[in-house]
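Please look over the sequence and the structure below. A short briefing follows them.

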Amino acid sequence: MARDILKSNNSLVIAGQRPAFSTSDRVGDAMSGAYMSTVQSVSVGFSQQRQKSKQLSSQNLSINDITRMPDVDLSISYYYTPAMLNESLLGLVDANPSYQGTGFFEGYTNQDQNFYIINHEDQGSDMVTNKSSEVGNLTANSEVISIGNAFLTSYSLGFSIGSMPVVSTSYKCSNIKMEKGPFDESLNPAINLQSGNNTNVGVVQLEDAGISGLDYYSNVNRFSPPLCSPTGVNVTLQNLQIGGAPISGDAHLQSFSFNIPINRVDQFGLGSDYPYNRKVQYPIQSDVNLEFAVSGFATGEIANLITNESTYNFDIQVVDTNEEYQNTFSFEDLRLENLSYSMNVNDQMNYSLSFSLEIKNQ
């Protein structure tokens, strides 16, 4: 049937391969992009940057012009899976980790990539049926929103009692275009940031996007991934040198989250309306936050923090509901930034901690 309103079941998201721009055609096995798994929300938009100025003799603006191409803002959130299916697409982890594990952000290459939001023409039809995509069956009435040259600007992951863990990501991009299907061959939306144009750009065959996980997780279907619940989280913590509520052992952890903001410097050159690079500023200053229910207090004080401050190492192990996949986040050399206790009438006392962490370019 015809589509009156575009609904969430009519759309899916594909993450393209890195880097974004290529003069080669990305079709068949060369299309190494894949469907993003368990996406919960997506938003995209841009704001114009204008030069505004008045002049003598008039109260009106004499200049109100766009000075350069606007940045496109993209946000995607999804349920976290211990198989790290989306994280491997974003280049944050190795898709084929060693037995010793792989560092989060280790060897991050800072390459851009493209994203595609594909919309079904039929309002009553799902984009995913029987763990398979309908992209190859779409007609010329379907649409795709293509976002080019996306650079990751933030990554955050949160666990809390009573809810599924959610990852939120944001990106700064250089291009957005919309076109009708079918999608056997679509022009790559990326800009050649070195030359400031898309001359000789290749095509992308979106129906060839991967459904399975990469390398070690190739037996995992992206439309039916292993998920985890809050009960599948195990933590190994260190008590604070200043005393207070113990957080190791049988501490009652209520929530855990970490946020990695990726500050970038846009580098411009004469002759182009686009930045030729969006360089990451290292070290990346991230934060780790925990909240506990208080059961008691240990001896300690803050008097010695200035002369003898301790750092902390935490391990957060996550296991999927079927106990087939697990992932451990190991945080080293954390520094305590904030501590607070709070309690309301007819409620329990909670204990909140915030730590800082440096991520270096290693």
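This briefing covers the overall build, the cores, the aromatic pairs, the surface and some backbone features.

The model is predicted: local features need pLDDT of at least 70, side-chain atom pairs count only at pLDDT 80 or more, and totals for chains, interfaces and linings use all residues. Residues are numbered from 1 along each chain as its sequence is written, and side-chain values use heavy atoms, leaving out hydrogens and water.

**Overall build**

- The protein chain holds one helix and 22 strands. Helices (H or I, at least four residues) and strands (E, at least two) are DSSP runs, numbered from the N terminus.
- The C-alpha trace spans about 65 × 65 × 45 Å along its principal axes.
- Of the 362 residues, 42% count as buried. Buried means under 20% relative accessible area, exposed over 50%, and partly exposed in between (1.4 Å probe, protein chains only).
- Among contacts between residues at least 6 apart in sequence, 70% join residues at least 24 apart. A contact means heavy atoms within 4.5 Å.
- The accessible surface comes to about 18600 Å², and 44% of this belongs to carbon and sulfur atoms. Accessible areas come from the Shrake-Rupley method with a 1.4 Å probe; for residues, only the protein chains shown count as cover.

- In soluble globular proteins, nonpolar side chains tend to be buried together.
- The largest nonpolar core has 56 residues, and F115, F331 and F355 have the most contacts inside it. Strand β10 (residues 143-160) gives this core its largest share, seven residues.
- A second, separate core has 14 residues, including I14, M31, Y35 and L138.
- A nonpolar core is a set of buried Ala, Val, Leu, Ile, Met, Phe, Trp, Tyr and Cys residues joined through side-chain atoms within 4.5 Å.
- Not counting residues up to four places away in sequence, F355 touches several residues, among them L240, V288, Y312 and L336.

**Aromatic pairs**

- The whole structure has 16 aromatic pairs. Rings of Phe, Tyr and Trp (its six-membered ring) pair if their centres lie within 6.5 Å; planes under 30 degrees apart count as stacked, over 60 as edge-to-face and the rest as tilted.
- The F258 and F331 rings have centres 5.5 Å apart and planes at 65°, so this pair is edge-to-face. F258 lies in strand β16 (residues 252-261) and F331 in strand β21 (residues 326-343), so the pair ties together parts 73 residues apart in sequence. Both F258 and F331 are buried.
- Y312 and F355 also pair edge-to-face, at 5.8 Å centre to centre and 70° between the planes. Y312 is in strand β20 and F355 in strand β22 (residues 349-359), so parts 43 residues apart in sequence are tied together. Both Y312 and F355 are buried.
- One aromatic cluster is formed by Y80, Y155, F159, F256, F258, F329 and F331.

**Exposed loop sites**

- F297 is in the loop between β19 (284-293) and β20 (312-319). F297 is exposed, at 55% relative accessible area.
- T109 sits in the loop between α1 (85-89) and β7 (113-119). T109 is partly exposed, at 46% relative accessibility.

**Backbone features**

- Most residues other than glycine have a negative phi, and most peptide bonds are trans.
- R18 and P19 are joined by a cis peptide bond, with omega about -5°.
- The Y282 to P283 peptide bond is cis too, with omega near -5°.
- M84, not a glycine, has a positive phi of about 55°. M84 is buried, at 6% relative accessibility.
- N200, not a glycine, has a positive phi of about 65°. N200 is exposed, at 60% relative accessibility.
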